[in-house]
Amino acid sequence: MTKAESMTISTDQFPALLEDLRATFAPGLTRDLAWRDAQLDAVHRLLSENEDAIGHALAADLGKPPQEVLLGELALLYSSIKHARKRLKSWARPRRVSTPLLGQPARIWVQPEPLGVVLILGAWNYPFQLIFGPLIPTLAAGNCALLKPSEIAPSSSALMTELIPKYLDQRAIRVVEGAVDETTELLKLRFDHIIYTGGAAVGKIVMRAASEHLTPVTLELGGKSPCVIDRDADLKHAARRLVWGKCINSGQSCIAPDYVLVAPDQREELVAAIDAELQKMYGDDRLGSADYANIVNHRHFRRVRQYLDSGKVAIGGKVDETNNRIEPTVLVDVAPDAPVMQEEIFGPVLPILTVADLDAAMAFILERDKPLAAYLFTKNKDSKKRFVETVSSGNMCINDVIMFMAVHELPFGGVGMSGMGQYHGKIGFDRLSHLKAVMSRGRVPEPPIRFAPYSQLKMKLLRWFG
Ligand code: NAD
């Protein structure tokens, strides 16, 4: 297919497209480390040579401020590409394992091998990050990829569809645009791995479809990520980081702090500290601030706006319906069963609930689905230890939010309802590889312990050697 054709691929061409990718994979083009490295470099060039166009697309889709384009999308991708390129050879190398006595003489190793063709379905909140982020380990591991950006961020989707054929090897990496119908058709095909980023409801659809072919899935989902303010926390410090984490991309981040748990007698002081930080960051006109993104579309605007009725508005509450904007809003007097506490908020509304102490906060979290992230602000070593050991979440940060995302050595992913499978760094390489166990025996004669005829002596020796 030509470049022009690739931009308007219809669903009935999907099977042929997949066959093309399989035909590329089979003879081994993508196994070559030099090819993998060149493609990773090409992803870097695609991004760095088109920063302006990417900024415009993200401004059109989400009103993303330029600094958030760099911070939330490009910088993470650049450093992740650099990290992967530097380590590619060592990740791909056979990994020696020691040989147990019974297996002697032999050489034993783990041989990472590519899986085949990987389907990557992106979400709209960080459109570039959520397509290229999973693509980096996919290519590093030597796979072909079929990419489908989210239709909810149409300018970003169109730009990726235009740029990818110009920079990446079309024999191995293809992109298609589309929404539910296109995704449904893609999911009928047999891929070797699917990486899906989005909500849990569609995650179930993806997993159901994948089960038809026994295709492994990585589901990067979301959930309600709690933020606990311990009794001795520095409230000013907590408020600053909390406001940043909640307001970046207007709260449309999968690991944004979703709600806060604090002791009743500290609530007012925390609310005042949050207001002071909002003032410092966004000034008087928070709704109109150029440093603050839009809600992605009117459907999501209406979804988030309805949460404003879930409690008493302590800060914010203004909305701009024409431009899909909602002021950073803090809610108090929120009942645990209020609508805002039922689903991931995914917007700039922060409910603050009160709990007696850290134990009550942890019990509150443990009663609910395991979140993608959990946060604690504390100065107390014992609180930190108990929180880390008690609360199960995909990722965790003490005395900050979100920042673990920038650490490539850390796996990133959910647990329970917040997802399955982790990527980023080496764990991403391993996730997108098959770690094949290989044993190569020597031909030196061995004591015939395992061979018939069996005997009591052989039984004894077997126990001893085993
Ligand atoms: P979305 O609407 O962009 O959907 C994601 C993908 O699913 C798209 O490619 C879309 O075409 C496809 N899709 C949608 N409906 C479908 C259907 N019925 N059948 C088949 N495919 C379908 O994204 P979203 O679901 O609104 O994303 C928001 C969620 O994503 C939040 O829960 C957020 O926490 C989560 N998220 C997670 C991460 C992460 O890395 N864990 C990152 C970003 C967002």
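Predicted model: local features only at pLDDT ≥ 70, side-chain atom pairs only at ≥ 80, totals over all residues.
View 1. Residues are numbered from 1 along each chain as its sequence is written, and side-chain values use heavy atoms, with hydrogens and water left out. Strand 3 and strand 6 (residues 193-197) pair in the parallel sense over four bridges; two strands pair if DSSP finds at least two bridges between them, and strands (E, at least two residues) and helices (H or I, at least four) are DSSP runs numbered from the N terminus.

**View 2. Strand 3 also pairs with strand 4 in the parallel sense, over five bridges.** Leu119 stands opposite Leu146 of strand 4. From strand 3 the chain passes through helix 6 (residues 129-140) to strand 4, in a right-handed β-α-β crossover, that is, one running clockwise from the first strand over the helix to the second when the strands point away from the viewer.

**View 3. Strand 3 is covered on both faces.** Val117, Leu119 and Leu121 on one side, and Val118 and Ile120 on the other, are all buried (under 20% relative accessible area, 1.4 Å probe, protein chains only).

**View 4. Helix 2 has buried residues, among them Phe14, Leu17 and Leu21.** Seen down the axis of helix 2, its buried residues fall within an arc of 160° (taken from the directions from the axis to the C-beta atoms), so they line one face of the helix. What covers these residues includes strand 3 (117-121) and helix 8 (180-187).

Methods
Buried < 20%, exposed > 50% of the residue type's maximum accessible area, 1.4 Å probe, protein only. Contact = heavy atoms within 4.5 Å.
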